[in-house]
Number of protein chains: 2
Amino acid sequence: MPREVRERQMLDAAVVAFARHGYQAASMDDIAEAAGVSKPLVYLYLKSKEDLFMACVRREVGALVAAVREGTRERELTADQQLWRGLTAFFAHTAARPDGVAVLYRARTQGEPFAREVAAMRVEIVTIVTALLGQAAQDAGCGELAEREVSGLAHALVGAAESLAEWANSRSCASADSSSAKDTAATLMNFCWAGLENLMTGRPWMAPGH
Amino acid sequence: MPREVRERQMLDAAVVAFARHGYQAASMDDIAEAAGVSKPLVYLYLKSKEDLFMACVRREVGALVAAVREGTRERELTADQQLWRGLTAFFAHTAARPDGVAVLYRARTQGEPFAREVAAMRVEIVTIVTALLGQAAQDAGCGELAEREVSGLAHALVGAAESLAEWANSRSCASADSSSAKDTAATLMNFCWAGLENLMTGRPWMAPGH
């Protein structure tokens with residue numbers, strides 16, 4: 001079997017083990033067994049438990065960012081349609097790969113090199129969303145939406161999406177379900193889109209006394 | 001000096017140390033010195049580093065929940081006014097106590113007993129927000145907003161607020177600034193309120209093809 005196939009099997013098994021048991025408790029013996037290979041082969045290919053975990057983190061970061069990028073690829077759509085597709089792609093991905101997402105969640109708290117990968121991924125996703133909201137503001141002829149405001153809104157949207165993904169995964173033991181991913185994306189669109197649209201067309205929510 | 005004053009000084013110093021250096025790297029020597037007491041006195045009062053950290057986590061959890069509760073106390077206000085006050089109270093608190101918030105952030109990743117305290121706090125805050133959204137739906141005469149939908153929206157709102165608080169604190173080294181807390185709360189209201197209001201009055205955002 002070619003090395004890349006073997007490596008993929010090892011990573012698949014490792015993602016499940018790290019997601020379910022955590023970095024410390026995950027066992028290299030169990031990972032090798034689940035991958036159907038010997039433990040020395042795991043060390044030969046992936047060097048160490050630390051390197052194996054890092055390889056899992058990088059693969060799952062790449063897969064998540066690719067899903068969001070693919071979802072927001074069609075620049076000729078209106079901003080709400082792009083956002084809708086991006087969110088649908090995001091929730092479909094998190095529903096289909098709960099273990100992959102759990103690895104990223106664990107990596108955030110697993111010390112420096114791992115946390116940095118996840119932080120960089122978050123910056124990348126916030127950047128995609130910021131560009132999207134910037135375009136939406138421009139489409140709406142709303143040049144005066146300050147950079148600070150767009151950045152704040154992008155962080156709010158990403159935080160809401162993360163929290164919803166965790167909530168959706170905690171509720172369902174079902175496997176990937178694209179209709180429930182759409183429900184979750186629609187919940188978030190309902191939550192935010194009309195608000196964003198009003199803001200961008202110059203009708204912000206008004207604090208009392210203004 | 002009464003014991004409770006001394007203990008408060010120890011916790012104040014410990015929150016700063018844990019927030020800035022993390023649980024492992026924070027030094028009991030430095031904490032004692034910053035609190036102006038001897039290290040044996042810290043151990044006499046707080047038992048161990050673990051117990052000291054837990055005391056910090058519990059104090060900061062209590063303070064954050066109290067701030068949100070206080071902000072959403074006035075039941076005779078409309079739901080958007082209550083939400084506005086609750087968010088303003090939340091962001092004022094997180095801006096005024098960045099180290100306290102950082103301790104909670106670190107506690108999430110510091111193993112079981114600590115992570116459980118923060119998870120319980122999150123459940124409590126989600127419960128407050130869920131009740132608020134439930135009331136808003138009722139006020140709007142919108143009985144059919146499903147429990148699932150309200151729960152999802154509450155998780156989205158709490159995730160957005162957490163993400164915004166972190167973003168706001170990372171941008172500003174200024175000390176507590178109530179006007180910037182209001183700006184942040186207004187950003188989130190803009191982001192979500194009109195969306196929620198439309199949803200509750202039976203005008204949801206429509207996915208393409210519906």
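**A walk through chain A**

Author: The span of residues 4–64 of chain A is 89% helix and 0% strand, and its end C-alpha atoms lie 20 Å apart. Helices here are DSSP runs of H or I with at least four residues, strands are runs of E with at least two, and both are numbered from the N terminus. This is a predicted model, where local features need pLDDT of at least 70, side-chain atom pairs count only at pLDDT 80 or more, and totals for chains, interfaces and linings use all residues. Residues are numbered from 1 along each chain as its sequence is written, chains are lettered from A and ligands numbered from 1 in the order written, and side-chain values use heavy atoms, leaving out hydrogens and water.

Reader: Which UniProt annotation covers residues 4–64 of chain A?
Author: The record is an unreviewed entry, and such annotations may be inferred rather than shown by experiment.

Reader: How large is the area buried between domain 1 and domain 2 of chain A?
Author: Domain 1 is 1–47 and domain 2 is 55–200, with bounds from an automatic or database domain assignment. Buried area is the accessible area (1.4 Å probe) that two parts lose on being put together, summed over both. Carbon and sulfur atoms give 62% of it here, and the total is about 990 Å².

Reader: Which three residues supply 50% of the area that domain 1 of chain A buries against domain 2 of chain A?
Author: On the domain 1 side, 14 residues are in contact with 10 residues of domain 2, contact meaning heavy atoms within 4.5 Å. The trio that gives more than any other three is L11(A), V15(A) and A19(A).

Reader: With which residue does R20(A) form a salt bridge?
Author: A salt bridge is a side-chain nitrogen of Lys or Arg within 4 Å of a carboxyl oxygen of Asp or Glu. Between the two domains the count is 2 salt bridges. For R20(A), the closest N and O atoms are 2.8 Å apart, and the partner is D99(A).

Reader: How far apart are R3(A) and E7(A) along helix α1 of chain A?
Author: Their side chains meet in a salt bridge (2.8 Å, N to O). Because they are 4 residues apart in helix α1, R3(A) and E7(A) are separated by about one helical turn.
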